[in-house]
Amino acid sequence: MNIELRHLEYFRAVAEELNFGRAAERLFISQPGLSRQIKQMEEILEVQLFERTKRKVVLTPAGHFLKAEVDYIFNHLELTKTQLKEIASGNIGELRVGFLGSAAHTVIPELLVKISQTYPSIQTSLEELSNAMQVEMLEKNKLDLGFVRLARVPETLKMKLVHQDTFSLVLPKDHSLSEVDFKHVGQLKEENFILFSQDYSSIYYDKIMSICEDRGFSPRITHKSVHALTIFKLVEAGLGVAIVPTSLKQGYDLNVKFLELDKIKQKTELYAVWKKGNRNAALGKVLGLI
């Protein structure tokens with residue numbers, strides 16, 4: 001036979017009252033029944049927990065040790081019950097978040113600050129991933145929330161527009177073209193272009209191509225990358241020019257300059273994406289902050 005929780009409850013009552021009659025009243029059981037339970041507990045543990053005389057009941061050294069352990073167990077159970085309620089309500093928990101690098105400079109930091117201020121007990125694990133990888137991991141329940149640039153997602157997912165951004169040209173700092181004489185992207189049709197990989201975000205790639213096509217040329221693409229820093233470094237080295245979301249100009253200190261394409265129809269949208277029926281209560285709390 002094993003020790004059960006009821007044994008510990010009976011023991012704690014007797015250890016606190018040091019009187020079987022008062023402990024039995026407190027537990028709403030008979031005194032003989034309580035005595036049998038304590039005796040059974042001592043037999044299971046193979047130790048004596050109480051010294052009993054006609055006048056008094058005292059704890060043995062083993063009983064004193066067990067009382068401290070039982071106090072800890074019941075206190076921990078109460079804490080666990082409180083924690084469970086907080087987890088179920090979404091106030092405590094972990095949120096697994098995937099994001100594109102272009103979201104790391106505006107949307108993600110702002111969201112993390114809001115979470116920290118509103119739900120300080122929600123922990124976030126962050127991973128920079130492509131659109132396709134985020135969708136796959138969301139469907140497999142390996143992510144709770146993603147930030148993607150996609151026109152549509154599978155029916156199993158929900159999406160919400162969280163940020164719209166303009167595009168900007170990225171040029172070497174010493175490039176002859178400046179804001180004063182810049183009119184349209186067609187002025188750069190003879191340049192080499194460095195773009196984000198089509199595999200990284202096909203809709204994003206297609207929008208950049210359409211920006212150029214609207215000015216009557218197809219860009220000569222010499223390099224592709226999935227990382228903004230790599231693209232900026234290649235531009236800095238004079239290997240070409242790039243078109244990126246304007247928000248990406250934050251957070252880098254490189255010898256490049258940005259010319260915002262704020263007069264064109266193309267914009268880039270960032271969407272929050274999550275799986276329908278996700279049972280992580282913390283997700284519901286965080287979606288309310290977006």
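F11, F20 and F50 form one aromatic cluster. Rings of Phe, Tyr and Trp (its six-membered ring) count as a pair if their centres lie within 6.5 Å; planes under 30 degrees apart are stacked, over 60 edge-to-face, and the rest tilted. The model is predicted, with pLDDT of at least 70 needed for local features and 80 or more for side-chain atom pairs, while totals for chains, interfaces and linings use all residues. Residues are numbered from 1 along each chain as its sequence is written, and side-chain values use heavy atoms, with hydrogens and water left out.

**Aromatic contacts**

Six aromatic pairs are found in a search of the whole structure. F11 and F50 form a tilted pair, 5.4 Å centre to centre with 45° between the planes. This pair links distant parts of the chain, with F11 in helix α1 and F50 in strand β1 (residues 50-52), 39 residues apart. Helices (H or I, at least four residues) and strands (E, at least two) are DSSP runs, numbered from the N terminus. F11 is buried, at a relative accessible area of 0%, and F50 is also buried, at 0%. Buried means under 20% relative accessible area, exposed over 50%, and partly exposed in between (1.4 Å probe, protein chains only).

R12 lies over the face of F74, at 4.0 Å from the ring centre. A charge is taken to sit over a ring if NZ of Lys or CZ of Arg is within 6 Å of the ring centre and within 35 degrees of the ring normal.

Helix α4 covers residues 61-89, which is 29 residues, and reaches 43 Å from its first C-alpha to its last, close to the 42 Å expected at 1.5 Å a residue. The expected span is 1.5 Å times one less than the number of residues. Contact here means heavy atoms within 4.5 Å.

Helix α3 has 15 residues and should span 21 Å at 1.5 Å a residue; its end C-alpha atoms are 21 Å apart, which agrees. Its buried residues are G33, L34, I38, M41 and E42. The cover over the buried residues of α3 includes α1, α2 (20-27), β1 and α4.

**Parallel strands and crossovers**

Strands β3 (residues 93-99) and β4 (residues 122-128) pair in the parallel sense over seven bridges. R96 has S125 in β4 as its bridge partner. Together with helix α5 (residues 107-118), β3 and β4 make a right-handed β-α-β unit. A crossover is right-handed if, with the strands pointing away from the viewer, the path from the first strand over the helix to the second runs clockwise.

L112 lies in helix α5 and is partly exposed, at 27% relative accessibility. Leaving aside residues up to four places away in sequence, L112 touches T124 and L126. L112 and K173 are 61 residues apart in sequence and 33 Å apart in space, C-alpha to C-alpha.

Strand β8 (residues 192-196) is joined to strand β9 (residues 220-225) by five bridges, and the two run parallel. Two strands pair if DSSP finds at least two bridges between them. I194 stands opposite H223 in β9. β8, helix α7 (residues 202-213) and β9 also make a right-handed β-α-β unit.

**Loop residues**

| Residue | Relative accessible area | Class |
|---|---|---|
| F28 | 76% | exposed |
| N141 | 41% | partly exposed |
| R279 | 83% | exposed |

F28 is placed in the loop between α2 and α3. Its phi is near 60°, a positive value in a residue other than glycine. N141 is found in the loop between α6 (131-139) and β5 (145-148), and phi of N141 is likewise near 60°, again positive in a residue other than glycine.

R279 is in the loop between β12 (268-275) and α9 (281-287). R279 and D144 are 135 residues apart in sequence, and their C-alpha atoms are 9.4 Å apart in space.
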